[in-house]
Amino acid sequence: MRAAHLLRALTAGLFAAGLAGAPASAQDKLDKITFGTNWVAEAEHGGFFQALADGTYKKYGLDVTIVPGGPNDNNRMLLIAGKIDFFMTANTLMSFDAVANNVPVVSVAAMFQKDPQVFLTHPESKVTKLDELKPLTLFVSKEGITSYYQWLKSEYGFSEKNVRPYTFNPQPFIATAQSAMQGYVTSEPYAVEKTAGFKPGVILLADNGFNTYSTLIETRFDVIDKKPDVVQRFVDASVIGWYTYIYGDNSAGNAMIKKLNPEMNDEMLAYSVAKMKEYGIVDSGDALTNGIGAMTDERVTSFFDKMVRAGVVKPDIDYRKSYTLRFVNKGVGVDLRPKQ
């Protein structure tokens, strides 16, 4: 589950967002589906809310309900139990874990070409490269230790001797000049700047070889078997939503996010969108040619091999069962990308 963002209150309960105001006759003809996210409403989910708010899902014949997650909610379990139809999983590691544990779910699209995971540094440390983090005190969460930090150990020779627990409180980092703190490029740098008054340095792990996909759409095998057309339409409409959210008028999506999560404001949302564009979180890599949502066998294989070397996943799992290319790489929505 997605780690808590600094300065963002935990939205209690589940919020359902439907197609309010649509004629009943039109609603009756739409395929009803439910999509669960892995955290409270935020810009990092913006394309999905945009597709709902501006009617894109409806245009694709879908009556979509979005169920935001939260600290006490597990929408992935609802997917596995058949209570919802789609889930927004954090990264490819979760897909590998599903195969390892015989969980009948599969990733059908990757909205983020880059995982937003970063390390933040103090400007006076003048750290600009990943290797330069090694002597620093590193604030890393338990989840981080068992995932990307194992990759840092195997690929870059990091050790855990300087690691301290990260509890999603920035104060230990702010108070320790020779330190670095994990975060998301779309949120924690903003929070630190607002809290401490300095602009932290940012090192994006994805730009240093941690090539997992992120923010994937996941569904069950039985949904694909019984409703492949619904899966395709949901993927395509979500892709359109992401193009609009990143490059177009995203006011409708942001309005829905703010309604569901009052802790969001226009400045925070604009910051997150700007960083997604600056770092190519959504539209880079395979997406440049195959469209947002793209995945390739080569990329998944590369990441799997890295995680095997890091000891995070076992080498004998059939990782190709964790994803399918059936619904992606079709170039949907590429005409919405701004012309260079």
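Let's start with Ala206, which is buried at a relative accessible area of 17%; buried here means under 20% relative accessible area, exposed means over 50%, and partly exposed is in between, using a 1.4 Å probe and protein chains only. Keep in mind that this is a predicted model, where local features need pLDDT of at least 70, side-chain atom pairs count only at pLDDT 80 or more, and totals for chains, interfaces and linings use all residues. Residues are numbered from 1 along each chain as its sequence is written, and side-chain values use heavy atoms, with hydrogens and water left out.

So where is Ala206 found? Look in the loop between strand S9 (201-204) and strand S10 (214-220). Not counting residues up to four places away in sequence, Ala206 touches Lys114 and Asp115, where contact means heavy atoms within 4.5 Å. And if you want a sense of scale, Ala206 and Ile257 sit 51 residues apart in sequence and 26 Å apart in space, C-alpha to C-alpha.

Now follow the chain into S10, because that strand holds Thr219, which counts as buried at 0% relative accessibility. A polar atom of the Thr219 side chain lies 2.7 Å from the backbone oxygen of Asp85. That's a polar contact, meaning a pair of N or O atoms within 3.5 Å; within protein, one must be able to donate a hydrogen and the other to accept it, and residues adjacent in sequence count only if both atoms are side-chain atoms. Leaving aside neighbours within four places in sequence, the contacts of Thr219 include Leu79, Phe86, Val105 and Ile224.

Next up, helix H5, residues 92-100. How many of its nine residues are buried? Seven of them, and the helix is mostly covered. The buried ones are Thr92, Leu93, Met94, Ser95, Phe96, Ala98 and Val99. Among the elements covering them are helix H4 (75-80), strand S3 (86-91), strand S4 (105-112), S10 and helix H15 (297-309).

At the start of H5, Asn91 has a side-chain oxygen that reaches to within 3.0 Å of the backbone nitrogen of Leu93. After the helix comes Asn102, in the loop between H5 and S4. Asn102 is exposed, at a relative accessible area of 70%, and its phi is positive, near 55°, in a residue other than glycine. Most residues other than glycine have a negative phi.

Phe168 is also worth a look: not a glycine, yet with a positive phi of about 65°. You'll find Phe168 in the loop between strand S7 (163-165) and helix H8 (171-175), and at 29% relative accessibility it counts as partly exposed.

On to helix packing. The axes of H5 and H15 come within 11 Å and cross at roughly 75°; axes are lines fitted to C-alpha atoms, for helices over the stretch in contact, and angles run from 0 to 180 degrees between N-to-C directions. That makes H5 roughly perpendicular to H15, since 65 to 115 degrees counts as roughly perpendicular, under 35 as roughly parallel, over 145 as roughly antiparallel and the rest as oblique. Thr92, Leu93 and Phe96 of H5 meet Val300, Phe303, Phe304 and Met307 of H15.

The other pair is helix H11 (residues 228-247) with helix H13 (residues 266-278), whose axes are 9 Å apart at an angle of about 105°. So H11 is roughly perpendicular to H13 as well. Here Trp242, Tyr245, Ile246 and Tyr247 of H11 meet Leu269, Val273, Met276 and Lys277 of H13.

Which residues touch the most other members of the largest nonpolar core? Out of 92 residues, those are Leu133, Leu138, Trp242 and Met276. A nonpolar core is a set of buried Ala, Val, Leu, Ile, Met, Phe, Trp, Tyr and Cys residues joined through side-chain atoms within 4.5 Å. H11 gives the most to this core, with ten residues. Apart from it lies another core, of five residues, including Leu79, Ile84, Phe87 and Val105.

Last stop, helix H2, residues 46-53: seven of its eight residues are buried, so the helix is largely enclosed by the rest of the structure. Just after H2, Gly55 takes a positive phi of about 85°.

How values were computed
Helix = DSSP H or I, 4+ residues; strand = E, 2+ residues; numbered from the N terminus.
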